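Visitor: Could you take me through this one? I am new to reading structures.

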Amino acid sequence: MGNASGGGQRDKVPPLSNLRVIYIIWYRDLLRFWRDRARLITSFAQPFLFLVIIGTGLSSGIVFLGGASDYDYIQFMYPGIIGMVVLFTSIMAGVSIVWDREFGFLKEVLVAPISRSAVAIGKALGGATIATAQGLVMLVFIPFVGVSISAAQVFLLIPLMFIFAFSLTSMGILIASRIKTMESFQVVIQLLLFPLFFLSPALFPVERLPSWLGIPVRLNPVSYGIDSLRQVVLTPSQGMPSFGITIAGHTMSIVEDVAILALFGVIMASLAVWSFRNQE
Amino acid sequence: MVWGCAVHYESGKICVLRFSRKSNNMTEIIKVEHLVKKFGALVAVDDISFEVEEGEIFGFLGPNGAGKTTTINILCTLMKPTSGRATLNGYDVIRQQNQVRHSLGLVFQDPSLDIRLTALQNLKFHAFVYNIPRTVAKKRIEDVLRMVGLWDRRKDEVCNYSGGMRRRLEIARGLLHHPRVLFLDEPTLGLDPQTRNHIWNHILELRKRQNITIFLTTHYMDEAEVADRIAIIDYGKIVALDTPEALKRRVGGDVITLKTENDGKAIEELRHHHKIEARRDSDGLFFEVANGEEFIPLLVSGLATEIHSISMRRPTLDDVFMKLTGREIREEAGGEGVMRRQWAMRQAGGRGTRFHH
């Protein structure tokens, strides 16, 4: 090596630092999100249908918790719908990887001299940021739902949604790193997304469920994300039933919910990083 | 022997003038030793070894599914070989992935742009990821965009680009970090002839300006002619590696194509009177002779079977491939075996194949 024509090992460019890799991957996701503002508008449709149609429909036929609550059903369901938006949007981070694979852009990323672990983390953070933003947008329904939320509650919701979303985007990336086509990803998502959503306290309180349903709900990490959101948004007055998840007679606090989510998030993110590194 | 080449264009045809260059002082920029890649039972790359000299255009020629893309994927660190080793710019493709990735630029067979972003944003992303300082990147981005004639369209979303524009943008992007080796995997696949020429202009222009090595795969014969050396690959094996001229000399002179009243009788006659084994294809009979101009009069006077037409041409790489493998290189001539092979490799390699645009 090394001759007049300058051959061999000339370019000793240091690889990009991992933080900057995370930043650029995150930034690209946000840039795409921002350019695709139509998605923001259409993302209203589903939660709107749930809140207005299902919420109103069910409220007209049943009396929520036999009337023993400060809140009506739509108000109860509202944090569950915010959770649903975070859940669905987070899984989209996985979709975006499969999409990048189909459109080829993933190759550009995989062949670049950057750490794949950092790429996976950047992707998870990008997806989580977008999901949090989408969740926050759901706050426009506050007047319709008729709950009162202070600025302090909103500031608490942001990190909660972010941790919730980060664990779910990591799960999406884990799945996406092993799946090559959009069709198979959709199948997996169908098999996963709806159980995760319906086996959670999004649409009904957990406390009175029979054990065949109560156990899977308590095993579902999504339950704790939704529970933490609900505990922030709804604050039942003294003597009224709380909606928190109970395990062996103990009602979960927000901190405990977050601890479970964080643990789930760390496991999912580690698996996602490992899987993303080892794909071909 | 290493060849230099100067190229000019005339009426849309690629013409190549060659002159030999002193062959000392050259280094191998790519070195491949006993490379094997298996996908289950399928051997996609079957124990190949070769070297690519710095500054040359090296062509990888073969039908679809022959193992060209798999080899490139291994050299670009996108796949791990089953066995064997390879170095690029002196770096090991398995153990020194980051250095290898810095040393190469890639234009993939399938598109690899973010079509929701603008050309400028795509290039900025690339510059950032390859750690090019911001001020340098700004200048280089303008340079490469002007080179491929997309500077005026830099703020358009790539989804509004035509196929040819996208490919030009990919070439621009592949050059942005000044790679030592540029891989072009079927760079003009699916493009119209005019756009193909345009893209080749850029590639050859570039070769003149920088001492860049170009590793090219193609199944277009006229494109392979541009290469200094060509490796012909079939079923995962390199069946020949030489300059295009030397390869064509192997065919053994001129190719004569014949249309006759009765092909079977003509073959018999040629065998008896001229000791020539003629073969049959869709165009009629064909065979090679050392000197076509002298042979044709003999043929016309000597053959009892009625001749409808005779044509003579210099051998092409198509003929070389035919001679070496007994098959035509064209995709449709691949047959079911090749199709199945390709399909199996796609499944195993997970190459995106659905959204061609």
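Guide: One term to begin with: two strands pair if DSSP finds at least two bridges between them. Strands (E, at least two residues) and helices (H or I, at least four) are DSSP runs, numbered from the N terminus.

Visitor: Fine. How many bridges join strand S3 to strand S6 in chain B?

Guide: Five bridges join S3 (residues 28-39) to S6 (residues 83-88) of chain B, and the two strands run antiparallel. B:Glu33 has B:Arg85 in S6(B) as its bridge partner. Before we go on, this is a predicted model: local features need pLDDT of at least 70, side-chain atom pairs count only at pLDDT 80 or more, and totals for chains, interfaces and linings use all residues. Residues are numbered from 1 along each chain as its sequence is written, while chains are lettered from A and ligands numbered from 1 in the order in which they are written.

Visitor: In what order do the strands of that open sheet come?

Guide: The order is S4-S3-S6-S7 in chain B, with antiparallel pairing. Strand S4 (42-53) and strand S7 (91-92) of chain B stand at the edges; each has a single partner strand, so one side of each is left without a neighbour in the sheet.

Visitor: How many bridges do S3(B) and S4(B) share?

Guide: S3(B) and S4(B) pair over eight bridges, in the antiparallel sense. Within that pairing, B:Lys38 has B:Val43 in S4(B) as its bridge partner. The two strands form a hairpin with two residues between them. In the turn, B:Gly40 has a positive phi of about 65°.

Visitor: Which residues are on which side of S9(B)?

Guide: B:Val181, B:Phe183 and B:Asp185 are on one side, and B:Leu182 and B:Leu184 are on the other. Both faces of S9(B) are covered. In a regular strand the side chains alternate between the two faces of the sheet.

Visitor: Which strands does S9(B) pair with?

Guide: Strand S8 (residues 104-107) of chain B is joined to S9(B) by four bridges, running parallel. There, B:Val107 stands opposite B:Leu184. S9(B) also pairs with strand S10 (residues 213-218) of chain B, in the parallel sense, over five bridges. In that case B:Asp185 stands opposite B:Thr217 in S10(B).

Visitor: Over to chain A. What is its secondary structure?

Guide: Chain A has twelve helices and two strands. From the N terminus on, the elements run α-α-α-α-α-α-α-α-α-α-α-β-β-α. Along its principal axes, the C-alpha trace of chain A spans about 90 × 40 × 40 Å. Of the 280 residues in chain A, 43% count as buried.

Visitor: How many residues does helix H6 of chain A have?

Guide: Helix H6 (residues 116-137) of chain A has 22 residues. From its first C-alpha to its last it reaches 32 Å, close to the 32 Å expected at 1.5 Å a residue. The expected span is 1.5 Å times one less than the number of residues. H6(A) is mostly covered, as 16 of its 22 residues are buried.

Visitor: And where does A:Thr235 lie?

Guide: A:Thr235 lies in the loop between helix H11 (221-233) and strand S1 (246-247) of chain A. A:Thr235 counts as partly exposed because it has 15 C-beta neighbours inside 10 Å. Its C-alpha atom is separated by 9.4 Å from that of A:Tyr71, which is 164 residues apart from it along the chain.

Visitor: What does the predictor give for the complex?

Guide: The complex gets an ipTM of 0.84 and a pTM of 0.79.

Key: Buried ≥ 20, exposed ≤ 12 C-beta atoms within 10 Å, placed from the backbone.
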